[in-house]
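This report describes selected features of one protein model.

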Amino acid sequence: MATMITSECINCGACEPECPNTAIYQGGVEWQAQDGAMHAAISNDIFYIVPEKCTECVGFHDHEACAAVCPVDCCVPDPKIPETHEVLLDRARALHPAETIPDDAPSRFKKAEVETAPAAAAAPAAAVAPAAAAAGVVVQAAAPVRAPRRPGTGKVERPIAATVRTPPPMFAGELPGEFDEILASLGAPRRRVGSFGARAAFALLSVLQGVLGALPDGAKRRLEETVSDSRYFNAQLATAANVFLNMLLYPIVCIGIALASPTGSVFDWGIRWWFALGLAIAVVEALWRMRESVLRGIPIGEAPMRMAIYGPLLLPVAALIQAACGRRGAASGIGFDGFYSGQEHLDDKLERARRYGEVYKLDERDDAYLLRLEFPRVVPPTSLGGQLELPHEMPDYEYDLAVHGRHFVVHGRLGDQQVRKITGVAPSFPPDFTTRIPLGAAVSGFRHRLRGKTLEVILPKAAS
């Protein structure tokens with residue numbers, strides 16, 4: 001019979017990492033079939049076993065591993081699904097085609113046959129004993145057969161295996177070639193502009209970059225992302241142009257203030273002080289806006305691009321430009337933190353969202369989509385951490401990638417069996433997740449790479 005988990009389950013999660021077929025899932029989590037298809041959870045409240053993937057550990061153990069470690073004995077045979085040794089052995093071979101499972105592989109059915117043998121031999125031995133005693137022959141009693149110790153009943157210290165970096169896997173639909181080469185072949189982002197009016201509008205935007213460079217840092221970055229074409233707007237170039245523009249604009253404004261007075265005259269020698277005042281204001285403002293680069297030597301591209309004095313007045317203009325260009329790409333509701341630098345500055349909310357696959361950003365270009373998704377970085381705190389000697393850094397996740405129509409699907413799974421034991425007790429810590437990211441256009445394939453804990457994917461758009 002297949003194994004099932006009864007309602008007495010306490011969601012300890014001890015059984016899930018012991019299954020050799022990944023047939024046990026946490027309540028509410030979708031299960032994955034052999035062909036990669038995802039199916040709805042069989043139970044939403046407790047751990048459950050998928051009958052189509054359960055072999056009762058035939059081919060791997062001479063006992064049911066989940067029942068051996070269950071502290072409340074809720075892993076029991078399912079009377080509704082009786083199955084034979086041969087059926088379970090064939091299923092184990094189908095679930096693990098890369099492994100060779102012999103006919104004499106471990107099986108609880110064979111163990112049951114072996115355990116009945118001593119009992120059958122005990123009767124003849126008991127009959128021989130009186131006759132041997134009458135003949136004066138000393139018969140040595142057989143050593144008692146000890147019942148095997150039930151695994152999981154005692155504390156076992158298990159060393160944690162060192163993290164091994166393996167080459168990234170390849171999936172169906174994966175494009176050939178190196179990631180950087182494919183990214184370089186796309187070139188710089190370019191926006192396809194059709195009508196004459198649109199071309200004129202973007203040309204005007206390019207000319208006005210020096211003015212829009214006065215916007216706050218966040219507004220400039222959003223505008224650059226919306227335009228998606230450095231020919232028409234580049235946040236760094238706009239900021240630099242605005243700094244030089246202000247060195248001309250501020251002196252003109254100061255001179256205008258001087259001329260507005262009743263005694264002001266353009267031929268007055270004192271007008272030069274007003275010019276100097278305007279230039280001094282522009283220089284001081286520029287030093288303040290670029291103080292990280294001037295005082296600390298941080299490259300301009302990595303420093304904040306602060307606003308000018310009149311920057312907030314231009315926010316409505318930036319909003320109008322963004323509305324006219326339209327939204328491109330998508331992002332999760334949680335802030336995207338970026339590449340992992342090893343610093344412990346992440347808040348709990350962001351890390352919890354990573355464990356559900358909710359931290360991602362999809363940039364849309366006219367020729368491709370660029371996706372970045374963050375995997376969890378820190379093992380969540382739990383009282384079992386010290387007992388299991390868990391690491392602080394989250395081990396690398398296993399993952400599957402696929403394009404389904406106009407959706408890109410990322411299925412992440414925690415493969416480290418030691419850390420996986422706490423998924424049932426640690427807060428907001430599912431053992432795996434599935435993220436479906438909608439795409440506005442069809443794609444011809446994808447190419448991915450894993451950098452630290454960040455998954456990067458290029459999805460070139462299909463030729464229309």
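## Nonpolar surface patch

A patch is made of residues with over 30% relative accessible area and no salt bridge, with nonpolar side chains (Val, Leu, Ile, Met, Phe, Trp, Tyr) joined within 5 Å and like charges within 9 Å. Accessible areas come from the Shrake-Rupley method with a 1.4 Å probe, and for residues only the protein chains shown count as cover. A salt bridge places a side-chain nitrogen of Lys or Arg within 4 Å of a carboxyl oxygen of Asp or Glu.

The model is predicted: local features need pLDDT of at least 70 and side-chain atom pairs pLDDT 80 or more, while totals for chains, interfaces and linings use all residues. Residues are numbered from 1 along each chain as its sequence is written, and side-chain values use heavy atoms, without hydrogens and water.

L204, V207, L208, V211, L245, L249, V253, I257, W274, L277, I281 and I309 make a nonpolar surface patch of about 1,000 Å². Two or more residues each come from α5 (196-207), α8 (235-260) and α9 (271-289); helices (H or I, at least four residues) and strands (E, at least two) are DSSP runs numbered from the N terminus. The most, 4 residues, come from α8.

I309 is in the loop between α10 (291-296) and α11 (315-325). I309 counts as exposed because its relative accessibility is 61% (exposed is over 50%, buried under 20%, partly exposed in between).

## A buried arginine

R354 belongs to helix α12 (residues 348-355) and, at 0% relative accessibility, counts as buried. Its side chain makes a polar contact of 2.7 Å with that of E351 (a pair of N or O atoms within 3.5 Å, one able to donate a hydrogen and the other to accept it; residues adjacent in sequence count only if both atoms are side-chain atoms).

## Antiparallel sheet

An open, antiparallel sheet has 3 strands in the order β10-β11-β12; strands pair if DSSP finds at least two bridges between them. β10 (397-404) and β12 (432-438) are the edge strands. β10 pairs with β11 (residues 407-414) over 8 bridges, and D400 has H411 in β11 as its bridge partner.

Note on methods:
Buried means under 20% relative accessible area, exposed over 50%, partly exposed in between (1.4 Å probe, protein chains only).
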